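Notes below, in the order I looked things up.

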Amino acid sequence: MLKLGILVSGGGTNLQAILDAIEEKKITNAEAAVVISNNAGAYALERARKKGIPAECISPKNYETREDFHRALLDELRKNQVDLVVLAGYLVAIPPMIVEAYPNRIINIHPSLIPSFCGTGFYGLKVHEGALSRGVKVTGATVHFVDAGTDTGPIILQKAVEVQEEDTPEILQRRVMEEAEWKILPRAIDLIANGKVTVREGRVHISK
């Protein structure tokens, strides 16, 4: 059974998609071991508690140095014997110390088709604002492994979403969540939990 450490910063809609998929057996061989947020007021923590899942706030504000914060986060993941770290709308950069502790065992959901609208500065609504201002006709979401860069790790799954004429960043954000993020993040976890994902020479291979 793959133990998931799910990191969140806000409302936790992607977390909910994961928990629902586990309940509905769309994700097998995996369980949520702990949910961690950098934000004590994140509704995602409440979602976890309602399901009886340990929910912790580890905020950089509560530590003297960034390194102390990173160490506390790593300690919490290890304490819960986490096998796979899932960034489900986590707005804090993952430091090298944690990337090195979990090589190809940290995944992130990003609300665009990487390599478009990704990297430093592209998060949350800013991604959708960028897509609309560029006038793209298709956007989407990407699940990828996390490496030392920003949105540069091997791509696991992508799903396209059509951009519509009347879209605002908020409307587009919601459609990308519903049509792409909430589908491919649980799917990626299920594939990993069932041993179907390997990384060779920086590329993901998915077995049938």
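This is a predicted model: local features need pLDDT of at least 70, side-chain atom pairs count only at pLDDT 80 or more; totals for chains, interfaces and linings use all residues.

I began with contacts. Of those in the chain with a separation of 6 or more, 63% come from residues 24 or more positions apart.

Next I looked up burial and surface. I get 50% of the 208 residues counting as buried. The accessible surface of the chain is about 10,400 Å², and carbon and sulfur atoms hold 48% of that.

Then I went through the secondary structure, and my tally for the chain is six helices and nine strands. The radius of gyration came out at 16 Å, close to the 17 Å from the globule rule for 208 residues, so the chain is as compact as a globular protein of that length. I also boxed the C-alpha atoms along the principal axes: roughly 50 × 45 × 35 Å.

On to the sheet. How do the strands line up? I read an open sheet of seven strands with mixed pairing, ordered β3-β2-β1-β4-β5-β6-β7. The edges are β3 (55-57) and β7 (155-162); each has a single partner strand, so one side of each has no neighbour in the sheet. Ignoring direction, I find neighbouring strands of this sheet turned by 20° against each other on average.

I zoomed in on one pair. Strand β4 (residues 84-87) runs parallel to strand β5 (residues 106-110), and three bridges join them. Opposite Val85 I found Ile106 in β5.

Helix α2 (residues 43-50) lies across β1 (2-8), β2 (30-37) and β3, and its angle to β3 is about 155°.

How values were computed. Residues are numbered from 1 along each chain as its sequence is written. Side-chain values use heavy atoms; hydrogens and water are left out. Two strands pair if DSSP finds at least two bridges between them. Helices (H or I, at least four residues) and strands (E, at least two) are DSSP runs, numbered from the N terminus. Axes are lines fitted to C-alpha atoms, for helices over the stretch in contact, and angles run from 0 to 180 degrees between N-to-C directions. Contact means heavy atoms within 4.5 Å. The radius of gyration is taken over C-alpha atoms; the globule rule is 2.2 Å times the number of residues to the power 0.38. Buried means under 20% relative accessible area, exposed over 50%, partly exposed in between (1.4 Å probe, protein chains only). Accessible areas come from the Shrake-Rupley method with a 1.4 Å probe; for residues, only the protein chains shown count as cover.
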